[in-house]
2 protein chains.
Amino acid sequence: VNPRLFTFVAGESGPWKIQEIRAVFGEGLAAAPSLDVVNGVPMGVVFPSWQLSGVTSHERYVNRAEKEQLVAVQPALGRPEATCAVLIPIRKHPRWWALTPDERRRIFEEQSHHTAIGLNHLPAVARRLHHCRDLGEAAAFDFLTWFEFAPDQAAGFDRLLAELRATPEWEYVEREVEVRVVRRTAL
Amino acid sequence: VNPRLFTFVAGESGPWKIQEIRAVFGEGLAAAPSLDVVNGVPMGVVFPSWQLSGVTSHERYVNRAEKEQLVAVQPALGRPEATCAVLIPIRKHPRWWALTPDERRRIFEEQSHHTAIGLNHLPAVARRLHHCRDLGEAAAFDFLTWFEFAPDQAAGFDRLLAELRATPEWEYVEREVEVRVVRRTAL
């Protein structure tokens, strides 16, 4: 198994209690009481409501200055105070993937300021991006992004989502779901 | 299964007769008499000598002008006269993946002229690139490139490989194998 592979499993058990699953664009995901996040592919989960896998990977759009800014301020996952988390699976339109990488970069950053907007919300929000598009199995989404933050940062996180969804990049999003969870037990 | 997934299976049977397996950088691959190229993951292959999977994907480095030039001149796989083929699995050094995409583009094209060199050998050589790095299973290589050409184009193909291997980009290649095959039967 690729050590960069992670799977989000929605089902009967897991450390994260699902509070809301909201279809933002396109089809949503089935309801479930709990979410688990596991490295690799879980064995022996009987009838999960759904499960989504993706791999962390090298950056696709940031330049060196942006990467250094991110590395300097982005927090790790698993902070004790970060008891709120959101999983956002996204699929982009085939038109996005037909663009060349420099065209995608122009929309992503020069027009939409994706990294710049994200940086404004650091170090409050921890984030891990997983890629699904080039897995061997057909995937319903292109990306899974996992965010963790403290409850008093929730309004800021909502602003981050609103800012990103108002950008030209989001015209290429054809499916997006928000899975909002809270941690059941202290770390 | 991802419809863009292909698997190269070396073993007892297959339409391509393996003539030579050469370790160019690092460890080679085991000898085998035949190679098969299948869409998806083959079922019921008993003890292949080795098998390697990868997915075709969107372009990582070309700009719009380069993409249009490629689309205009690149031939399809499966031409009847293209009875020679070469599979080249490559793994790049972690230093390559630690670069940002614009830094990789500069080495790939502005310094190494990867696409420009490839264009010089079109339409003689048909090519399909497969990505393995972001599969769910740990992969021994980052890319699998499959080339097809007519026997009288073999010298030109060797020149293409020599030109690419002399570029700055190739300083990041830590494993490369050449699997040379010829078609057993007419299409």
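Across the interface of chain B and chain A, the rule finds 6 salt bridges. The model is predicted. One of the salt bridges joins D134(A) to R60(B), and their closest N and O atoms lie 2.9 Å apart.

On the side of chain B that touches chain A, helix 1 (64-73), helix 2 (94-98) and helix 3 (101-111) of chain B each supply at least two residues. Helix 3 of chain B gives the most to that side, with 4 residues. By residue class, the side of chain B that touches chain A divides into 11 nonpolar, 7 polar and 11 charged residues.

The table gathers the interface values.

| Interface of chain B and chain A | Value |
|---|---|
| Residues of chain B in contact with chain A | 29 residues |
| Residues of chain A in contact with chain B | 29 residues |
| Area buried between chain B and chain A | about 2,400 Å² |
| Share of the buried area on carbon and sulfur atoms | 41% |

V181(B) belongs to strand 8 (residues 173-183) of chain B. V181(B) counts as buried because its relative accessibility is 2%, and buried means under 20%. Leaving aside neighbours within four places in sequence, V181(B) is in contact with W16(B), K17(B), I18(B), Q19(B), L35(B), T83(B), C84(B), A85(B) and W146(B). A155(B) lies 26 residues from V181(B) along the chain, and the C-alpha atoms of the two are separated by 15 Å.

Methods:
Residues are numbered from 1 along each chain as its sequence is written. Chains are lettered from A and ligands numbered from 1 in the order in which they are written. This is a predicted model: local features need pLDDT of at least 70, side-chain atom pairs count only at pLDDT 80 or more; totals for chains, interfaces and linings use all residues. Side-chain values use heavy atoms; hydrogens and water are left out. Contact means heavy atoms within 4.5 Å. Buried area is the accessible area (1.4 Å probe) that two parts lose on being put together, summed over both. A salt bridge is a side-chain nitrogen of Lys or Arg within 4 Å of a carboxyl oxygen of Asp or Glu. Ala, Val, Leu, Ile, Met, Phe, Trp, Tyr, Cys and Pro count as nonpolar, Asp, Glu, Lys and Arg as charged, and the others, Gly among them, as polar. Buried means under 20% relative accessible area, exposed over 50%, partly exposed in between (1.4 Å probe, protein chains only).
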